[in-house]
Amino acid sequence: MTTTRPILLVDDNPMDVDLTLRAFKQRKLPNPIEVARDGEEALAWIPRWEAGEPRPVVILLDINMPKIGGLEVLRQLKSHGTLRTIPVVMLTTSAVGEDVEAAYALGANSYVVKPVDFDSFMDLIMQIELYWTGLNQVPD
Amino acid sequence: MDSERKFEAGKSIFPALAVFLLLVLVAGAGGWVLFDHYEQQAKADATRELAGTGKLRASQLSAFLKERQGDARVASDLLGAGLAQAWWQGGDKELPATVRRTLNSMLAAYGYTGAMILDARGVIRFSAGRSVGLSATGKSLALRALGKASLVFSEIYFADPAAPQEFMLDTFAPVMSTDGAKAVGVLVLRGNWDYLFSAFQPWPEHSRSAEFLLVRKEGADVLFLNRLRHQKQAADRLRMPLTGDAHSPMGPAIRALQGHYGAIESVDYRGKPVLAYSLPVPDTDWSMVVKEDVAEALEGIRRIQTAAIFGFLVVAALAFALWWWWLRSRRNAQQALRESRERFEKAFQASPDSITLVTLDHGTFVEVNSGFERFTGYSPAEAMGRNARDLDLWTDPAQREYLFAELRAGRTVSRLDARIRRKDGEIRVGQRFATRVEIGGVPHVLSIMRDITDQKKAEATLRASEEKFSKAFHASPDSIALSKLKTGEFMEVNEGFEKISGYSRDEAIGRTAMELGLWTQPEQRAALTTRLASGGAVRNLETMLRRKGGAERVVQISLDTIDLAGEKYMLTIGRDVTERRYAEEALKELNAGLEQRVQERTAKLEAANKELETFTYSVAHDLKGPLRGIDGYSRLLLAGYSDKLDDEGRQFLRNVRQAAQHMGELINDLLTYSRLERRDMQTGKVNPQELIEALLAERADEIEARGVAVTMAVSCTSATADREGLATALRNLLGNALKFTGNVPQPTIEIGGRDTGATCIFSVRDNGIGFDMKFHDRIFDIFQRLHRSEDYPGTGVGLAIVKKAMERMGGRAWAESEPGKGATFYLEIPE
């Protein structure tokens, strides 16, 4: 890998985005973090990736978002001919079983519930980073 | 049966026989003595008669002889008056005419047959009459009369020995000299005295054997002088040796000739036993014997004796025959009795009824049959010698008193229904017949009892069912009509019929449904009748009925046949369903509308539910997001700016974080609770052991850190539950147990799972602070807390979740506790 591929964070809650970014920053993560503030913005990335921009090592995707929700974004990504190989980790407040089921049915690679407690949240981010940017191998 | 003896009287006949024989002997002996006495008397009588007759005859004979003597003396005297002497001396050739005349007239007058005058030398000098001449014997007798100068009689002899018919007797009278000093001649008078001896012959009274014997001793012989009754030629010819004694033949004659006169019982010349009386004939050397056969003398008595013996024999034979007949009849009677007893015995034992024989005085059981044992449960051995009171058989002892009183009064008791207590305590009804019988002179009671419990029950049931039927018939709001199947004629209708048809009972009875015009479709009726006649039944057939007045009603009818007293009847039950029909139609329309409304409402509800769900999601999302911000930034503030704050400021931030975290928990719990509410339970088999172990693993760090002693004893191997729901409930209980043992020195948690057969009861026991049972129901309500959150943090939703989860799975939750003594929470779930 010549260039460090980014992480795409899709979340509409600015505080959550901020806290997530802070958490990654504390971990001194080398990967750049792109942020999409809703589903629409997330889907806007697809033509860019198709055009040759580096694809993210992982997409952290919230579910409840204005306009286009996370599950719709997931559906489009996972039904995409080439982009469906990008790992998608659902990072959401919802722990509802139907959501979990629906996410996996659409091809989500993981499902993580955001804790309210910040310390737990930090732990979680750390483990995501460790796994998805360190251990996990993704196709080019 | 040991009472056999009682029924047979006097088995042995020998005493009776002995008595009978003794009587015979006594009668025989008495008779013999009596007859002997009478015999002696008869003999004495006969002898007396013989003696009398003998004496009479002897005196007659003696008189006859004296007459003959007289005749001879007169004649000889006539001669003697010197006549004979003169005659002889004068040498007259002819006897003087006077003498001759005298002799001839004497011959004629006295019946002499001849007369002879002999001279002193015995020469016949004169003879007159037809019988003259002398035999040698006659001559010697004449000489003896001459010699002795006394009258001599010849023996009685027959004139013609060849024809022994005429008894002759010669009298030899000496003709004395004129001076009377010597006999100068002998006058012989010869007479035929046949008449005399003939007169001897017949017995004065009729007799077959009585006779006189005139005997004389001649030399060593007995000479029978007269003609014998039984030996006609005996006179002067029968001579027998004079030997022997009284008991040898001719005993009487011998005894008489030996000089022993008087009565004698001996044997006569024929060798026959005779009674005899002998006496001397005076002035002769003759003896007279009068005799009669003993047989004849005793003839009367013998006849009586024979008659008596015959009579006795007849009586004895009769008695014997009677005895034999009695024996036989008694044997027959005994046989009959035995057979009858055997039959009785068989009937007694084989009878399905209870038969008992008890004494009348105390009711003591003497005999009971197997029916008794079946009825009462008491064996014969248990009953014998005891009475019904001892066995406590009668539930109403007064009935028993009544029974005995009736029997003592000589009445028979029949159909006495009594409730009898069995040995096992069961009460059964017995119908009793009792009568009094005498056995061996002791009054007994023969009692037959039949178990009519079932019959009574059946009767009661039948009565009840009849009553019920009758009540149902009349009380039924439905129309019920009973009609003859053949004619359709109504026999009985109820009030329901009157109401539905409009016809009164009086109008309907005796007429048919057709006549009343009840059927709107008469052909339907015919079809139904055919179906019923072939044994079918009709159920809930809807038809149109025309009421009195013409109004039509919808009626639902059921028909069936019943047999009453051999005739088939049709039972028709009808219900007016007209209103219901209309109501049903209205209801159908209503239902159609309702269904639509329900669908609309359901859709609305579903939409509302959806909305609520969405709302919950947004609550979760939208509330948790800001909370995470509050907490996150408070944390960051504490981490990066704590030196710019004083202690109080830092404490504020910590409180903010704590509140945010608590709110997070609250939201999580609420989400869990609401999810339980709307989520579909996915019931399946859950392995409790495994589940609990997983839950313990979740809290393993805390358990280890705090040193909580956790024990687990789960015998339940399977539970039917929604795994997540059960896990949620158990997780909450485990969390509570850990929480409320937080301030206890040696925290202990016991987890149990007991198998009740149909359910599994899980228990989580802790030794924590516990609670007062008065709060038991409250703690399961949402937001109900018993402690301050700074002591035991919590949302107040946990146990509400537990309760909800259990309810959704068809189980239940409850708790037992006491303040300070820990608490035990239970979950019950189907296996």
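Predicted model: local features only at pLDDT ≥ 70, side-chain atom pairs only at ≥ 80, totals over all residues.
Helices here are DSSP runs of at least four residues, numbered from the N terminus. Chain A averages a pLDDT of 87, with 97% of its residues scoring at least 70. Among the elements of chain A, strand β1 (residues 7-10) has the highest mean pLDDT, at 94, while helix α5 (residues 118-135) has the lowest, at 84.

Chain B has its own helix α5, spanning residues 136-148. Within α5(B), the buried residues are B:Gly138, B:Leu141, B:Ala142, B:Ala145 and B:Leu146. Seen down the helix axis, these buried residues fall within an arc of 145° and therefore line one face of α5(B). An α-helix has 3.6 residues a turn, so residues three or four places apart point the same way. The other side of α5(B) carries the exposed residues B:Ala136, B:Thr137, B:Gly147 and B:Lys148. Just after this helix, B:Ala149 takes a positive phi of about 55°.

Turning to covalent links, the count over all chains is 1 disulfide. B:Cys716 and B:Cys760 form it, with their sulfur atoms 1.4 Å apart. B:Cys716 sits in the loop between β24 (709-714) and β25 (719-722) of chain B, and B:Cys760 in strand β27 (residues 759-766), so the bond ties together parts that are 44 residues apart in sequence. B:Cys716 is buried, at a relative accessible area of 2%, and B:Cys760 is also buried, at 0%.

Note on methods
Residues numbered from 1 in each chain as written. Chains lettered and ligands numbered in written order. Heavy atoms only, no water. pLDDT = per-residue confidence, 0-100. Helix = DSSP H or I, 4+ residues; strand = E, 2+ residues; numbered from the N terminus. Expected span 1.5 Å × (residues − 1). Buried < 20%, exposed > 50% of the residue type's maximum accessible area, 1.4 Å probe, protein only. Arc of directions from axis to C-beta. Disulfide = S-S within 2.5 Å.
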